[in-house]
Amino acid sequence: MEQDEVQRKLATLVELLSCHDLDEHEVEGIVSLCMQARREPERTLAENYGEDAAQVARYDPAGVVAFVIFTELEDYFAVSDTVDELHEQIIAAFETPALPDYPYDDNRFETVADYFSWLDEQLLIHHPKYRLIEFGQSYTHDFQTVLVLRDSVAQILALCEELDMFAQPCSD
């Protein structure tokens with residue numbers, strides 16, 4: 001893939017993951033860091049995020065660009081080790097109407113997939129424009145998710161596949 005094409009696809013991906021919330025200069029800055037990380041992964045991560053982050057380049061070189069995108073867009077992500085903590089972060093993403101609280105005592109969740117199906121039903125009722133997807137590889141948490149516009153999910157997944165990054169919907 002040509003450099004220009006990679007940059008264009010990265011810019012589109014960043015715009016979609018942020019729900020078009022960033023200005024052109026912010027997107028360009030993130031794409032520039034991604035391109036640097038493609039050329040010099042360990043150095044780029046060390047200089048921008050510290051020596052601990054540079055470990056990603058050593059242990060998961062394929063995950064470096066997704067790591068940069070996640071780190072730069074971290075405020076848009078919900079990251080947690082448990083679904084109830086994750087749910088609290090997702091609730092916080094919306095002012096009104098509020099999503100229901102996590103149903104500790106009244107749920108039929110037998111698996112994480114059951115929770116994500118329930119959550120998607122709640123999003124369809126309260127915020128139908130949005131859908132939760134997993135993106136990249138979290139090195140410190142069980143869940144690394146981001147709310148995106150529902151009508152952009154197919155495009156995000158296609159871009160991630162073309163750019164060799166992990167992404168998938170949280171529910172079927």
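This is a predicted model: local features need pLDDT of at least 70, side-chain atom pairs count only at pLDDT 80 or more; totals for chains, interfaces and linings use all residues.
Residues are numbered from 1 along each chain as its sequence is written, and local features need pLDDT of at least 70, while side-chain atom pairs count only at pLDDT 80 or more and totals for chains, interfaces and linings use all residues. Side-chain values use heavy atoms, with hydrogens and water left out.

Me: Is Lys9 buried or exposed?
Reply: Lys9 lies in helix H1, residues 3-17, where a helix is a DSSP run of H or I with at least four residues, a strand is a run of E with at least two, and both are numbered from the N terminus. Buried means under 20% relative accessible area, exposed over 50% and partly exposed in between, with a 1.4 Å probe and protein chains only. Because its relative accessible area is 9%, Lys9 is buried.

Me: Which residues does Lys9 touch, not counting those up to four places away in sequence?
Reply: Contact means heavy atoms within 4.5 Å. With residues up to four places away in sequence left out, Lys9 touches Met1, Leu159, Glu162 and Leu163.

Me: Is Asp164 buried or exposed?
Reply: Asp164 lies in the loop between helix H8 (153-162) and strand E4 (167-169), and its phi is near 60°, a positive value in a residue other than glycine. Since its relative accessible area is 58%, Asp164 is exposed.

Me: What is omega for the peptide bond from Thr96 to Pro97?
Reply: Pro97 is placed in the loop between H6 and helix H7 (112-126). Most peptide bonds are trans. The bond from Thr96 to Pro97 is cis, with omega near -15°.
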